[in-house]
Amino acid sequence: TEAVSFQIPVETQAQADRYADALSAHPEAEICGWVKDSYGLSWQIVPTRLVDLMRGQDRARARRVFDAMMQMKRIDFAAMESAARG
């Protein structure tokens, strides 16, 4: 079930894309960096930079990054950084 998922921390867009390409067997289920493999297991592809952008005192920046991420199927590092800058 979707009650269990695995996280994969990534440092670059290339890593995120490689994992998404390798694991995603159900493109229609992709959302916010989550992919579902051929066994139905869910994987969260989590940029370490996303965690950095969501932390700290700047709550407006965190909200912009979160809102941008919620619009993504696969994580887009450039869009994430753009949202952080406002």
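This dialogue reads a predicted model of one protein chain, feature by feature.

Reader: Where do I start? How many helices and strands are there in the chain?

Author: Start with the elements and their order. The chain has 4 helices and 3 strands. Along the sequence they follow the pattern β-α-β-β-α-α-α. The radius of gyration is 13 Å, close to the 12 Å from the globule rule for 86 residues, so the chain is as compact as a globular protein of that length.

Reader: What does the C-alpha trace span along its principal axes?

Author: About 40 × 25 × 20 Å. Of the 86 residues, 35% count as buried.

Reader: What share of the contacts joins residues 24 or more positions apart?

Author: Look at the contacts with a separation of 6 or more. Residues 24 or more positions apart account for 54% of them in this chain.

Reader: Now a single helix. How do I read α3?

Author: Compare its reach with its number of residues. Helix α3, residues 59-70, has 12 residues and reaches 16 Å from its first C-alpha to its last, close to the 16 Å expected at 1.5 Å a residue. Then look for the buried residues, those under 20% relative accessible area. In α3 these are Ala62, Val65, Ala68 and Met69. Down the axis of α3, the buried residues fall within an arc of 130 degrees, so they line one face of the helix.

Reader: What do the buried residues of α3 pack against?

Author: They pack against α2 (48-54) and α4 (77-85).

Reader: Which residues of α4 are buried?

Author: Phe77, Met80, Ala83 and Ala84. Viewed down the axis of α4, they fall within an arc of 125 degrees, so they too line one face of their helix. The cover over the buried residues of α4 includes β1 (5-10), α1 (13-23), β3 (42-47), α2 and α3. On the face turned away from the buried side, α4 carries the exposed residues Ala78 and Arg85.

Reader: How do I read the ends of a helix?

Author: Aspartate 58 caps α3, with a side-chain oxygen 3.3 Å from the backbone nitrogen of alanine 60. Aspartate 76 caps α4, where a side-chain oxygen lies 3.0 Å from the backbone nitrogen of alanine 78. Beyond the other end, check the backbone angles. Just after α4, glycine 86 takes a positive phi of about 90 degrees.

Reader: Is lysine 36 buried or exposed?

Author: Lysine 36 has 18%, so it is buried, as the cut-off is under 20%. Lysine 36 lies in strand β2, residues 34-36. Leaving aside neighbours within four places in sequence, its contacts include Glu2, Leu23, His26 and Leu41.

Reader: Where is arginine 74 found, and what does its side chain make polar contacts with?

Author: Begin with the place, then the contacts. Arginine 74 is in the loop between α3 and α4. It is partly exposed, with a relative accessible area of 29%. Its side chain makes a polar contact with the side chain of aspartate 21, at 2.5 Å. The side chain of arginine 74 also makes a polar contact with that of glutamate 30, at 3.0 Å.

Reader: How many residues apart along the chain are arginine 74 and glutamate 30?

Author: They are 44 residues apart along the chain, while their C-alpha atoms are separated by 6.7 Å. Not counting residues up to four places away in sequence, arginine 74 also touches others, among them Asp17, Ala20, Ser24 and Gly33.

Methods
Residues are numbered from 1 along each chain as its sequence is written. This is a predicted model: local features need pLDDT of at least 70, side-chain atom pairs count only at pLDDT 80 or more; totals for chains, interfaces and linings use all residues. Side-chain values use heavy atoms; hydrogens and water are left out. Helices (H or I, at least four residues) and strands (E, at least two) are DSSP runs, numbered from the N terminus. The expected span of a helix is 1.5 Å times one less than its number of residues. Buried means under 20% relative accessible area, exposed over 50%, partly exposed in between (1.4 Å probe, protein chains only). The arc is that of the directions from the helix axis to the C-beta atoms. Contact means heavy atoms within 4.5 Å. A polar contact is a pair of N or O atoms within 3.5 Å; within protein, one must be able to donate a hydrogen and the other to accept it, and residues adjacent in sequence count only if both atoms are side-chain atoms. The radius of gyration is taken over C-alpha atoms; the globule rule is 2.2 Å times the number of residues to the power 0.38.
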